[in-house]
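Q: Could you walk me through reading the helices in a model like the one below?

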Amino acid sequence: MGNPAQGGGYLGIRNLYKAFGDFYALKDISLDINQGEFVCFLGPSGCGKTTLLRAIAGLDLQTSGTIRQDGNDISNLPPTERDFGIVFQSYALFPNLSVEKNIAFGLENIGMARDAISARVRELLDLIGLPEQAKKYPAQLSGGQQQRVALARAIAMSPGLLLLDEPLSALDAKVRVHLRHEVKELQRKLGVTTIMVTHDQEEALAMADRIVVMNHGMIEQIGEPTEVYREPENLFVADFIGEMNKLPGEAAGRDSCKLGGLTLNCREHGLAKGAKAIVALRPEDVIPHEMPARKPRAASGNSVPVTIGDMEFLGSFWRTTLTGGALGDVELTAQFSINAVRRLSLKAGKDILVELPADRLRAFPAGSGQ
């Protein structure tokens, strides 16, 4: 999970707790965020990610623990004395002010000269691609345009830290996909250290340099998107990020597991032989092969004869249910590409051979992952 105790980083969080009466929304959070990094706090509703963001902003002070920004202890500073810009899910634009006035609001409050304000507003309108919308009011803009204006207002004063609280969740799917690329591009151009709260795993995978996966007020794993997806440290992370087969089995050896009537090679897991386990494999990691002319009676290594059950077409792939043979009562979900389906003439009821790659097959303790 990285070692936050090493120190360093532009933002350093140490041993942060947040209590609401007897309930702890944050439990011993320690984390370092580097200068210019884009970090996503990701987790289910109620996991503490927004509480952590609000503590960083000073909007809801922690019960104990420290927060340092650029070497300064900001743990107990009010929001007005902290160096950040923030964008909320609801945009929070002033409806009675034009786009340019919304962006200029903070600059006017600190007494910047009028000419300098005008130049900065023009620069930001160009940056967000809305130079023609300066005189319009928020109600005259689309949701995506309003969110861009909110971003421009947040970065107008060149903050050291940009905080984004579910900034895209109110937008429809196509706009959201388009805007997340724009936000990431904008962040790269500015080089501003950015923290985004989201419950959308796809959003986090697409945008973040590192993802902080949270659950029950604690950090489950910190890592680059490919790392948390491919190398989950526990069943919660494996299950929360992406789709995952979670199948009841048991540990057979240090790097093997039992599933149905099969003994399969898998990643090293540290479970005692015979211990109940959840065997996990991503659907896209199931590799289909044509059944050989001489149909095997049993599994060989990690190649397993199966029967295709339901097939569901989902545009870029087919979601497929696999049953039968040595799988016993276990039902395996696979994602087969359109090309594989065409090449192997896959259809419901067909017997095929599937490979369950040992380096992608993992065993976690049964009962974990809540």
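Q: Which residue just after α1 takes a positive phi?
A: Gly58 does, with a phi of about 80 degrees. Keep in mind that this is a predicted model.

Q: How many of the nine residues of α1 are buried?
A: Buried means under 20% relative accessible area. Seven of the nine residues in α1 (residues 49–57) are buried, so the rest of the structure largely encloses this helix. They are Lys49, Thr51, Leu52, Leu53, Ala55, Ile56 and Ala57.

Q: What span should α3 have, and what do its end C-alpha atoms show?
A: Take 1.5 Å a residue. Helix α3 covers residues 114–127, which is 14 residues, and should span 20 Å. Its end C-alpha atoms lie 20 Å apart, so expectation and model agree.

Q: Which residues of α3 are buried?
A: Ile117, Arg120, Val121, Leu124 and Leu125. Around the axis they cover an arc of only 135 degrees, which means they sit on the same side of α3.

Q: Which exposed residues does the face turned away from that buried side carry?
A: Exposed means over 50% relative accessible area. On that face of α3 the exposed residues are Asp115, Arg122 and Asp126.

Q: What do the buried residues of α3 pack against?
A: Two helices: α2 (99–109) and α4 (143–155).

Q: Now helix pairs. What describes two packed helices?
A: The angle between their axes and the distance between the axes. Take α2 and α4. They pack at about 25 degrees, and their axes are 7 Å apart.

Q: Are α2 and α4 roughly parallel or roughly antiparallel?
A: Angles under 35 degrees count as roughly parallel. Therefore α2 and α4 are roughly parallel to each other. The crossing in which α2 passes α4 is right-handed.

Q: Which residues of α2 and α4 meet?
A: From α2, Val99, Asn102 and Ile103. From α4, Val149, Ala152 and Arg153.

Q: How do the axes of α4 and α5 cross?
A: Helix α5 covers residues 173–190. The axes of α4 and α5 come within 11 Å and cross at roughly 20 degrees. That makes α4 roughly parallel to α5. Their crossing is right-handed. On the α4 side, the contact is made by Gly144, Gln147, Arg148, Leu151 and Ile155. On the α5 side, it is made by Val175, Leu179, Glu182, Val183, Leu186 and Leu190.

Q: Where is Ala206 found?
A: In helix α6, residues 201–207.

Q: What does Ala206 count as, and at what relative accessibility?
A: Partly exposed is the class between buried and exposed. Ala206 has 41% relative accessibility, so it counts as partly exposed.

Q: How many residues apart in sequence are Ala206 and Phe94, and how many Å apart in space?
A: The sequence separation of Ala206 and Phe94 is 112 residues. In space they are 30 Å apart, C-alpha to C-alpha.

Q: Let's zoom out. How many helices and strands are in the protein?
A: Nine helices and 20 strands. The C-alpha trace spans about 85 × 45 × 30 Å along its principal axes. Of the 370 residues, 48% are buried.

Q: And what about contacts between residues at least 6 apart in sequence: what share join residues at least 24 apart?
A: The share is 66%.

Note on methods:
Residues are numbered from 1 along each chain as its sequence is written. This is a predicted model: local features need pLDDT of at least 70, side-chain atom pairs count only at pLDDT 80 or more; totals for chains, interfaces and linings use all residues. Side-chain values use heavy atoms; hydrogens and water are left out. Helices (H or I, at least four residues) and strands (E, at least two) are DSSP runs, numbered from the N terminus. The expected span of a helix is 1.5 Å times one less than its number of residues. Buried means under 20% relative accessible area, exposed over 50%, partly exposed in between (1.4 Å probe, protein chains only). The arc is that of the directions from the helix axis to the C-beta atoms. Contact means heavy atoms within 4.5 Å. Axes are lines fitted to C-alpha atoms, for helices over the stretch in contact, and angles run from 0 to 180 degrees between N-to-C directions. Angles under 35 degrees count as roughly parallel, over 145 as roughly antiparallel, 65 to 115 as roughly perpendicular and the rest as oblique. A crossing is left-handed if the near helix is turned anticlockwise from the far one by less than a right angle, and right-handed if clockwise.
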